[in-house]
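Okay, thanks everyone, I'll keep this short. Let me put the structure up and then walk you through a few parts of it.

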Amino acid sequence: MRVLWTISIVSVLVICLVLGAGPGTAAPNAIVIYSGMDEYTMNVLTKAFEPMTGMKVESLILAAAGTMASRVRSEASAPRADIFLGGSVEIHEPLARDGLLVPYHAPEEASGKIPSEYIDPRGLWHGFYAGPLVIIVNRRLYEQEIKPRGGPYPQTWDDLLHPAYAGKVAAWNPATVGGGYIFLATQIFRAGSEDKGFEWLKRFDASVRVYGATGPSTIPLVVRGEAVAGVAWLDDSAEAKDNGQPLEYVIPPDTGGEIGGISIVKGGPNTDGAKRFVDFVLLKGAQDAIARFGFKYPVRTDVPIRSDFPALSSLKFVKYDRPFALQNRDRLTKKWDELIGSQRR
Amino acid sequence: MFMGAWGTALLIALFVLYPVFRVLAYPSATDFLAVLDHPRWLRAIVNTLVMTTLSTVTACLLGFVFALALTRPDLPGKGLFRTISILPLFSPPFAVAFSYLLLFGRLGLITHTVFHLRVDILGWRGLWLSQTISFFPIATLAISRVLENIPPSIEFVARNLGADEVSVFRTVTAPLARPGVAAAMLLVALYVLADFGNPLVIGGDFPILATEAWYQIEGWADQRAAAMLASLLLLPAALLFLLERRWVGRRLYTTILGRGARGERGPTPRGLRVFLVAFCSLVAIFVGLIYAGIVIGSLTRVWGADWHPTLRHWAEAVKRWPHVQNSLVVSGGAGVMAACLGFVTAYVARGRAVAGGAILGAGAVMPAAIPGVFLGIGYLLAFNGPPIPLAGTIWILILALSFWNLPFAYKTTAAGFRQIDRALEEAASNLGASWLRVLTDVYLPLLKRTAWVAFIATFVNSVTNLSITMFLVTARDVVATVSILALVSDNRLGAGAALTTLLLALTFAALALSFRWMGPDVLVA
C-alpha cells in the first residue's frame, strides 16, 4: 500500500518526462509573437490581422522588451517565436548583429510613406512607431513645493536644473534602463560634446531624487508624489494620464526618442506568417490603431496623429547619432557611473 | 537504497546542475573580469552581503518569536498570528513593496495623511523592512516545526529538576532548536540573497546583485553580464551552505525516541505570554495594513492618488481568470513534485554514506542559491532543444519551480529526519524491511506533516513566483504573476492589485481546504 505511493511518485516523474518530450508545436496556421507593447493595442492589432489573413496570433505580452529579447536569445537553438515586437531598436540591434533575425524588406517600406530613419537598410528590424522622451509633472506637488520657491513649470530640460527642484526629480539609471541611456546620450548630443554633456548631467544630478532602475518606475513615483517631476516616455505618460492618473507631461525641445522596432526571429515556426505580420503593422490601418490606442507617433507620414499630441514636425528632436550611441554604450554608462552614479549617497 | 541514491543524484544533476552549468558557461572569463571595472557592480556585491546579513538576522528573530508563540498551546489569538505569519508568503513581493510605498512613502496614507511625516522609505532601510516581512514566514515555518518536535516532557523534566524558565530555555529548548534555527537562517539568507522583487520596487538606487543581473537583461538584453552577475551569487551561497553543515551537521539531535509519551506542553509563564502576544500583535497589525493596502488599491480609482471607490479594476482582473487557473495547475504540480523529491532526497542523503550524503544534500540546497532569473535562463538554454525539449510545454515550468523549491522541501524534511531515532529504522531493517518499506512505513507516517509543509511552501512560492515564470511561460500558458507584472509595467496598478487579491484569496481557499483535511496545525507540524 505504502509502496504504491512511492511508485506513484516515480510514475509522475516519468509521465512528466514523457509528456514533456513532445515538442510544443504551434497550430499550423498561427504565428507566435513576443510583444513588449501594451495589451490593448496588441488585442486591436490581433483582431484586425486574424480575419484579414486567416492566421491565428498567439502572443506573449509583457511590457518588458529586454526580457523578451533575452528569451529570443535563449531560445536561439529552437526558436518558439516568429515575431519580436516592441521596445526601441536598440534592443533589436544586438539580436540583429548576432544573426538571430531574418532580413526582410516590407513593400510598405519602399512606398515612400515611411521616412528612411525608421528603415533598417539590412531589413533586420523595422521601425513601426516613434516616441519622444518627455518630462512628467505632478501638478499638485509642483504648486506646493516648486512654485513658492520660484521654480519654473518645466518646459525644457534645463528648467529641471533650477535649485527648487533639488532632490525632487525621478530619472532613470542609464546603467540599467535603455531609456536612461537614451536620455544620457540626448544630453550629450544637446550639449554638443561629451564633456559638456556630462557637465550638464552632473548639475542635473543635484535635482535627482532617485535614478529608477526600471523603465516603468518613474511614472508611479511622480503619480504617488515620491518625486515632483520625472523623465518618461510619451506613450506611457499619455496612457497613464488618459487612465485618469494625476499626471501632466511636457515634450521639451531638443528631446531624444526611441524608434519602436519589430523583427522576424530566424528559424521561428512560421516565418512566412511573420512576414505578413510585419507587412500588416506598417499598413495604414494598423499604424492608425497603434497611434490611437498605443499613444505613439506612427512612422507613416499619411496617418493622422492623436489630436492631443503636437504634430511630429513641430517637435524639435536633438540630432541623435544612433550609431555613436550604440557603439559607446558601455563606455558612457561606465563613465556616468564613475562620475555620478557612484558619487551619490 | 543504492538505486534511490543514484536516481536522485541523476535528477539533481539533470535539472539543477546542467542548467546552472549552461548559464555559467555562457559568459567568458573577460566578462567576469569586467566586474572590477564597474564600481556599481562592486558596490552591488558589498550591498548584497550587508543586506543579506541584516535581513536574515531580523527575519529569523521575528520568525523565532512567532515560532515560540505558535507552539504554545495557551496563547490567545494564535489562529490570527498563524495566519499573519504565513500571509507574506502569498503575494508577489512587488505587491508588498508597492503597498509599503503607498502606506509609508512620501505621500503615504499613514506617514503623510495621518501623521504628516516626510520619510524616505526608498533605499536600504525600506528594503530591510520589506525583506524582513517577506521572509520571516520561512523562518517561522522552519523553526516552529522543530520547536513543536521538542517533547514537552524534556522541558518538564528540566523544570522538575529545579531549572527556572530561563535556564530551561537556555539549556534545553535553545540547543534543541539549533538545527531548526540554523536551517532557517541558511534558508532565509539564501532567499534574501536571491530576492529581487523587493529591491526592484523599494530599493531605489541601491544596487543588489540579483536585481543588477535582471536589469542587465531588462534594460539591455545583455545576458552575458546578467549570467556573470548571477554567477557571483553562487559563491556566498556555497559558503553559507558549508557553514550551516559545520554548525548543525556534527551533532546528533534525537528527540523522537520511539518510546514514551510526548506529554502536554505546560502553561506559558505570564511574562513570556505578555511579550509574545504584544510582539506578535504589533507585527500582525503591520502585516495586516500592508495587505489592506493591496485590497484598497484594487478598489480605488488610482492607486495612491484618487481614492474614489471603483470596481473597474476587478472587472479587468476577472477577465484574466485563465491565467489564475494556469498558476494553480503549475504550482500544484510543482508542490507535489518538490515534496516527493525533498522527501526522497532527505531520506537518501541522511548521512549513512557521509560523503555521498553531503554531496546530494549540497545538490538539493543549491537551487536556493540560484536567483530565479538565472534558473529561468538556465532552463531555457538547457531544455530548449534535444535531448530534452521541454520548452514550450507546461512541464518546464513545473520542473523549474519544483527544483527551485527543493531546498526548502529538502531542508524541512532533513531536519525532520534528524530528529527521528535511527533505532526505529534499524528495528525495521532487522525485521527484514527493504529501504523502500522503511521509507514508506516508518518515516512517511512520522513525517507526513513535514511533507505537507514542503508541499504548501512550494505551492505558495510557485504561485507567487515571477522571476522564473517570466522566462518560461509560453503564449498559451501565461500564469497570474506574469499577468500581474504586465499590468504593473503598464502602470495599471489597480488592476494588478485586484488580480493579486484574487490570487491571494484563491491560495488561501486552497490552504483552508488542506487545513480541513490535515488539521489546522499543518504549518507548524
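Predicted model: local features only at pLDDT ≥ 70, side-chain atom pairs only at ≥ 80, totals over all residues.

On the chain A side, 61 residues are in contact with 63 residues of chain B. Which helix gives the most to that side of chain A? That's H1(A), with ten residues. Several other elements supply at least two residues each, including strand S2 (56-61), helix H3 (65-74) and helix H13 (329-339) of chain A. If you sort the side of chain A that touches chain B by class, you get 29 nonpolar, 17 polar and 15 charged residues.

Okay, on to strand S3 of chain A, residues 83-88. Six of its six residues are buried. S3(A) has strand S1 (residues 30-35) of chain A running parallel to it, joined by three bridges; there, Ile33(A) has Ile83(A) as its bridge partner. Then there's strand S9 of chain A, residues 257-264, which runs antiparallel to S3(A) with four bridges between them. In that pairing, Phe84(A) is partnered with Ser263(A).

Last stop, helix H6 of chain A, residues 178-191. What should its length come out as? At 1.5 Å a residue, the 14 residues should span 20 Å, and the end C-alpha atoms are 20 Å apart, so that agrees. H6(A) is mostly covered too, with 13 of its 14 residues buried.

Note on methods. Residues numbered from 1 in each chain as written. Chains lettered and ligands numbered in written order. Expected span 1.5 Å × (residues − 1). Buried ≥ 20, exposed ≤ 12 C-beta atoms within 10 Å, placed from the backbone. Contact = placed C-beta atoms within 7 Å. Nonpolar A, V, L, I, M, F, W, Y, C, P; charged D, E, K, R; others polar. Pairing = 2+ DSSP bridges.
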